[in-house]
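Biologist: I have the sequence and the model open side by side. Could you walk me through a few spots in it?

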Amino acid sequence: MGTLAIIISLALLMFFAYRGISVLILAPIMAAVAILLSGDMVYMMPQYTETFMSALGGYILKFFPIFLLGALFGQLMVDSGSASSISNWIMNKLGHKRAILTVVLACAVLTYGGVSLFVVAFAIYPIAKSMFQAANIPKRLIPGAIALGSFTFTMTALPGTPSIQNAIPIPFFGTNVFAAPGIGMISGFIMFALGCMWLQSRANKAHKHGEGYGIDTQEQEKLQDGVTSQGQMPVFLAFLPLLLVIGVNALFTYIVFPNMDFSGLNELYPKLDPTKQTGLWALVIALVVACLSLILLRLGKWNNLKETVNKGALGSMLPIFNTASEVGYGAVIASLAGFVIIRDMVLNVSSNPLISEAIAMNVLAGITGSSSGGMSIALSTLGADYLAMANAAGISPELLHRIAALAAGCLDTLPHSGAVITLLSICGMTHKQSYGNVAMCTVLIPMVALTVAITLGTLFGSF
């Protein structure tokens, strides 16, 4: 009955999330449902105060700087005019005839540089709309192009990406954001190439059938709420903060921290393991430097810097609390007796820990509709087991890190995903109109890349 209680709870979580109910309220309620159906009602309140809230708080303590700085950096990029400068530069270089490639690359450059995928979607949509109109490409393909550039290879595959999905495995495996760079780049290229080919083939097919851009039934410029135009920024300056995110991160990851002596920290922080924290420290420093650079580059030219900073800071609240609530839910589920059966099934699904890990990430990301949420639950409950299995099999933690990130970015964009719902809303499209192409670019093609990554990792190890 305990296992059935967990399955019912997960099914209800997915159902109501699809209906648009916030996970902030869903997570504790569904955790309570699982406890109730398991027959452990006496433990209801202790589970909430000691298990759910402890896990939620622990996650926020660990990752709050990444969410905060990432959201702030994204807002600064948009309000400074850097995001539009980069997008327009790419558009001018490639032209309207390559509208799909232009939109994908513009989104990819911004997200790889550290701009939140939601901020990118808001910023790029008006540009994508004008380009698709000029090229007479169906508007229904815009969500697929934005999703390909924002939700896939720059989020989970490319080494050094400052996405939260690439940061979550760090404290569990003692790795950094550059883990398994070779496999990451190969996987990223597969997603990028196959995704662009798919979208272009759909555009070509539409052209043959006489389908054009279509008619706008909903104007979405109003969704640009608060995106303050600062004018165009010189493109070389617009790229500088993005380069700083990657460059400063690499500098501290490979040169500064490896040559520092942390032995003196043991007396002050006896529970601290620097090898599992330096990856996060490097990312925090890189984002701080990038934010400061943007502020200084536009010094004296900001319309309202205080408003931008406040908006960026407040914009980090909902994402981190959503994910942290899912982590709290996962902690409660992991504490139930029925979870032992589920855990053993997942761990024993294959003797190859990479396959087992990939399945766990996909299932939980699919259920929660969130790559970061699913990954956090999986690693919080099974991360130590996967690390032990990998060590026994001679598999490097770096490879575990990259496979975890890639796997979390497959089933996370099922129809109930908040990211998908938000993207379709921005573009004024429905699931019926656009979800098929979004799914191809963010679910099926990433699955192909994940399969290739697992195969290469199994045969050749981490590279």
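Modeller: Gladly, and please keep in mind that this is a predicted model. A polar atom of the side chain of Asn176 lies 2.8 Å from the backbone nitrogen of Phe178.

Biologist: Where is Asn176 found?

Modeller: Asn176 sits in the loop between helix H10, residues 170–173, and helix H11, residues 181–208.

Biologist: And is Asn176 buried or exposed?

Modeller: Asn176 has a relative accessible area of 18%, and because buried means under 20%, Asn176 counts as buried. Not counting residues up to four places away in sequence, Asn176 touches Ile170, Thr253, Tyr254, Gly279 and His401.

Biologist: What is the relative accessible area of Thr152?

Modeller: For Thr152 the value is 1%, and the residue is buried. Leaving aside neighbours within four places in sequence, Thr152 is in contact with Ala147, Ala157, Met191, Cys441, Thr442 and Pro446.

Biologist: Now the helices: at roughly what angle do the axes of H15 and H16 cross?

Modeller: The axes of helix H15 (residues 305–315) and helix H16 (residues 317–335) cross at roughly 10 degrees and come within 5 Å, which means that H15 is roughly parallel to H16.

Biologist: Which residues meet there?

Modeller: Ala313, Leu314 and Gly315 in H15 meet Met317, Leu318 and Pro319 in H16; by class, this contact has 5 nonpolar, 1 polar and no charged residues.

Terms used:
Residues numbered from 1 in each chain as written. Predicted model: local features only at pLDDT ≥ 70, side-chain atom pairs only at ≥ 80, totals over all residues. Heavy atoms only, no water. Buried < 20%, exposed > 50% of the residue type's maximum accessible area, 1.4 Å probe, protein only. Contact = heavy atoms within 4.5 Å. Axes fitted to C-alpha atoms, helices over the stretch in contact; angles between N-to-C directions. Helix = DSSP H or I, 4+ residues; strand = E, 2+ residues; numbered from the N terminus. Parallel < 35°, antiparallel > 145°, perpendicular 65-115°, else oblique. Nonpolar A, V, L, I, M, F, W, Y, C, P; charged D, E, K, R; others polar. Polar contact = N/O pair within 3.5 Å; in protein donor to acceptor, adjacent residues only side chain to side chain.
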